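Dear colleague,

I am handing over the structure that we talked about, and it is placed just below this paragraph. Please keep it open while you read the notes that follow.

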Amino acid sequence: MKNLTFSEFKKNSLKEWKEKNLISDEIIFTSENSKKSFQTIFKTETKAYEWIYNKKPDLTNQRIIDCIDLNFNNIWIENVSDPEIIFKDINCEKTNFLFFKTSEDSREAISSFCNKKNINYEFVEENNIIIFENYDNHALQKVINEKRDKNKLFLFVKSENKFFDQIATLKSLNLNLKNSKKVQIICTIEDSLIKTEDFLYIASFKILSSVLACSDFMIKTIDLNERSRLTKNIYNILKYESNIEKVSDPLNGSFYLNSLIEKKVNNNFGEKKNLKLPERKSWISDENIVIYDYFIKNDISSLEHIDFLSGEPPFLRGPYATMYTNKPWTIRQYSGFSTARDSNAFYKKNISQGQTGLSVAFDLPTHRGYDSDNERVKGDVGMAGVAIDTIDDINQLFEGIDLNNISVSMTMNGAVLPIMAFYIACAKENGVDIKNLKGTIQNDILKEFMVRNTYIFPPKPSMRIISDIFKYVSKEMPKFNCISVSGYHMQEAGASAEIELAYTLLNGLEYLRTGTEAGLKIDDFAPRISFFWGIGMNFLTEIAKMRAGRLLWAKIVKSFNPKNPKSMSLRAHCQTSGWSLTEQDPYNNICRTAIEALGAVLGGTQSLHTNSLDEAIALPTEFSAKIARDTQKHLQINTGICDVVDPLGGSYYIEYLTHKIYKKSWEIIEDIEKNGGMIDAISSGIPKTKIEKVATIKQAKIDSGKEIIVGLNKFEKNLKESKFHLLEIDNKNVIKTQIKKLIKNKKMRNESDVSKILKQITSSCKSKKQNLLTLAVEAAEKRATLAEIIGACEKVFKRYTATNNLISGFYMKEIKDNHHFKKAKKLSDYFYEIEGRRARILVAKMGQDGHDRGAKIVATSFSDMGFDVDIGALFQTPDEVVNQALINDVHIIGISSLAAGHTTNVPEIIKLLKKYNREDILIVLGGVVPENQHKSLIDAGVDLIFGPGSIIAESACNILSKLIDSNESRS
């Protein structure tokens, strides 16, 4: 592949760009229309204030304790009284108290008490507070001068929804006041009229804007401890999970922000020349990039990519010229509720509430090419999405939905052939011209061999299917995207940004080759390829990743000599991270999703799915899905971020990150290409092993406390029960429903016609003479089932079976000094002494769930702690797991479950062990197991259950202790 440079892409001036795109307004900002910069080094750490109105001293005491526990060390107390009660049992060493509206009579007693207890405090007079009401600069300065005395002034700025306006206001005030230590600027965040669940995402954006502006902020919530606590956690999530505060003034240099600030600062404000800068410190990111504690213009002065505009190659600032200023991103909700009927009702309700596109989640048997009546999948039917067996299911799924106008995204890879066929046949049967169909089929099989594992056929025949889909769609469905190349599942499996980019784009490169080798011109299908990014908590890195991805894709496609510039445009759907969500304190997940959603939007996504707060525990309910959807609606309508294109363009840190991630990813791409390309790399397991190493190191850092997850390993809150309803699926009823429909389908169809078309599919798999999707559409119309179409291909292609490799040493390297790890090693050695062999565990995945991040991390970490580890094959039945456990004579069966199949499969395991008189084998269950299921599972015979976020080394200690107790009791 030709190594292109940016000099091969034409750079237009802002004037040329406007003329070409017929744009008259200022919707994009560059160095041409934002000439001033405001180089000021602000403080790195934001002060977080809590305002408490003292009604009852004992309640005030509890709120102060909560503040200190949650890292809020600056506390305003209005109407102070009874200091001995207020400060009872409080360690105030690092806390600053500001007493407001305190009577003269109380001051002496309060001062005496605080001095004795070494409490840091000051009294604030009403005269020392200025409420900022959009004064012009001279008026504000006049007010400050009138109030100024030897005491500090506090300038309260009420927060607003307009995200960048808020940042510009706070930064311009700092600049106007020349960062005066005599004037403390505090952004106040309050609204007692909004429901807590809505307030959490709104407050997330407001607190984030304060932190990005390097401004202190104050939470003024109503006196509800739970709401107050959750709101304070927003700051902790930003501080510890997003890396935002590791860089001072990270948006410094943004062309758009500079233009906003310029309008707000004093007319006579002069740019600071030759500013004396402090010595820079640095740290290393997960992408192995050196990050400084502040950035300056010189850091990006030599970069080539900065002056490119949106809508033109290499599409740095967006695939479309006007981006959201003309049309905002599509709001999608990835969902599927067991049956087509239930899902259809959910889709219609969402559309009525503002959703503009559908995103279909299929159940695991559908992904893996099985009909719902197959014994092998009885634990999975309808559990993680909608069950689809025939075209009648698809007809019911989209009943009453106008496919001429609604964009449909379908996450399907393994069984892509029958699902696409059902969708096309459904459109035809309902009078829809398939040329009008809009949406995307994922169709990205290569990533399945790396991370998600819902493959059916081996790589080469799978690529044949993709090639036939490309041909069909490019000819018959010009508005439909024939493939969505997914990095999302790589990130969920543990990949860092540069790995996610490189491997995803390498897969895209293989699809380009597949299409051209099939005789298609690059411009016939490249414009219909889209991408799918995961968006995690590293806010600014995710934005830079998406910008770098567009540069890289344009460079890759240009090497195929396209004539249509759109062929080089990377359009993306994004989904907020599922892995970042926690079971512990799940309302914190509203904040995480809000931050990730904003990252996706500022990175330039074309559509977005926001995860629900309960998805670490169960499938989303209507309540939680509405909050996730409303988060996007608030972003589109209330924050003003759709007013301009790429508002962070020009930011020294963002442009530096964009360049570094671009370079790191390109190095990986070149290395894979030099060694035979991505298909060879996948066959040898290189990408899978690399991602597993990174994921294991990440988990070890979390387990050891080196990386903080709020509510999980810091700021924990023991919640006895969830305050929201969890969705539970009646798997047996879903199976009954699907089997009835299958029986009815087979009774009404012409068996001879079905048999004939299935034989044609098998023949074409051998000969390659006919397009497989064309034949599959005909099979769908004749009522062939999903499994029958897959089975016709399987006769030639065969089913693919992956091999499992165990990596070792990476967990131990990061956590070797942790007390839980040391204890686990000691217990492991002790068991070896008393038993004469190592504790042996079979790590098993049952059912059709291929997400194996948890299982692989458990396997490698347990190996590092001295266990003998067997890894079961994916997609095992209970019989197969028990058989392997007996043959290998294991002490423990460790079952990893993410898709709810454990409710059926685990009781089956226990029955089989009883049958073979091996009840001595411990049954350990880990993964997404809701708390309300624990008792019934333990009553059934499960020995230990570890939910999401469990510390692996601590879990190992519990398992070994249980095993040792069991051994000693038998002895």
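Phe-315 is buried, because its relative accessible area is 2%, where buried means under 20% relative accessible area, exposed means over 50%, and partly exposed lies in between, all with a 1.4 Å probe and protein chains only. Before going further, please note that this is a predicted model, in which local features need pLDDT of at least 70 and side-chain atom pairs count only at pLDDT 80 or more, while totals for chains, interfaces and linings use all residues. Residues are numbered from 1 along each chain as its sequence is written, and side-chain values use heavy atoms, with hydrogens and water left out.

On the backbone, Phe-315 has a positive phi of about 65° although it is not a glycine, and this residue sits in the loop between E10 and E11. Helices (H or I, at least four residues) and strands (E, at least two) are DSSP runs, numbered from the N terminus. Pro-314 also has its place in the loop between strand E10 (290-292) and strand E11 (330-335), and a cis peptide bond, with omega about 5°, joins Pro-313 and Pro-314. Asn-71, likewise not a glycine, has a positive phi of about 75°, and Asn-71 is found in the loop between helix H2 (57-69) and E2.

Turning to the strands, E1 (residues 48-53) is largely enclosed by the rest of the structure, because 5 of its 6 residues are buried. Two strands are taken to pair if DSSP finds at least two bridges between them. E1 runs parallel to strand E8 (residues 216-219), with 3 bridges joining them, and there Ala-48 has Phe-217 of E8 as its bridge partner. E1 also pairs in the parallel sense with strand E2 (residues 74-78), over 5 bridges, and Ile-52 stands opposite Ile-77 in E2.

As for charges, a search of the whole structure finds 49 salt bridges, each being a side-chain nitrogen of Lys or Arg within 4 Å of a carboxyl oxygen of Asp or Glu. One of them joins the side chains of Glu-788 and Arg-749 at 2.8 Å, N to O. This pair links distant parts of the chain, 39 residues apart, with Glu-788 in helix H27 (residues 786-797) and Arg-749 in the loop between H24 and helix H25 (751-767). Arg-749 is buried, with a relative accessible area of 10%. Asp-939 and Lys-935 also meet in a salt bridge (2.9 Å, N to O), and because they are 4 residues apart in helix H33 (residues 934-940), about one helical turn separates them. Asp-939 is exposed at 56% relative accessible area, and Lys-935 is exposed at 61%.

Finally, which residues form a positive surface patch? Lys-732, Lys-736, Lys-740 and Lys-911 do, where patches are made of residues with over 30% relative accessible area and no salt bridge, like charges being joined within 9 Å and nonpolar side chains (Val, Leu, Ile, Met, Phe, Trp, Tyr) within 5 Å. Helix H24 (residues 731-748) gives the most to the positive patch, with 3 residues. Lys-740 has its place in helix H24 and counts as exposed, because its relative accessibility is 63%.

With best wishes

Conventions:
Accessible areas come from the Shrake-Rupley method with a 1.4 Å probe; for residues, only the protein chains shown count as cover. Lys and Arg count as positive and Asp and Glu as negative; His and the chain ends are not counted. The place of a charge is taken as NZ of Lys, CZ of Arg, CG of Asp or CD of Glu.
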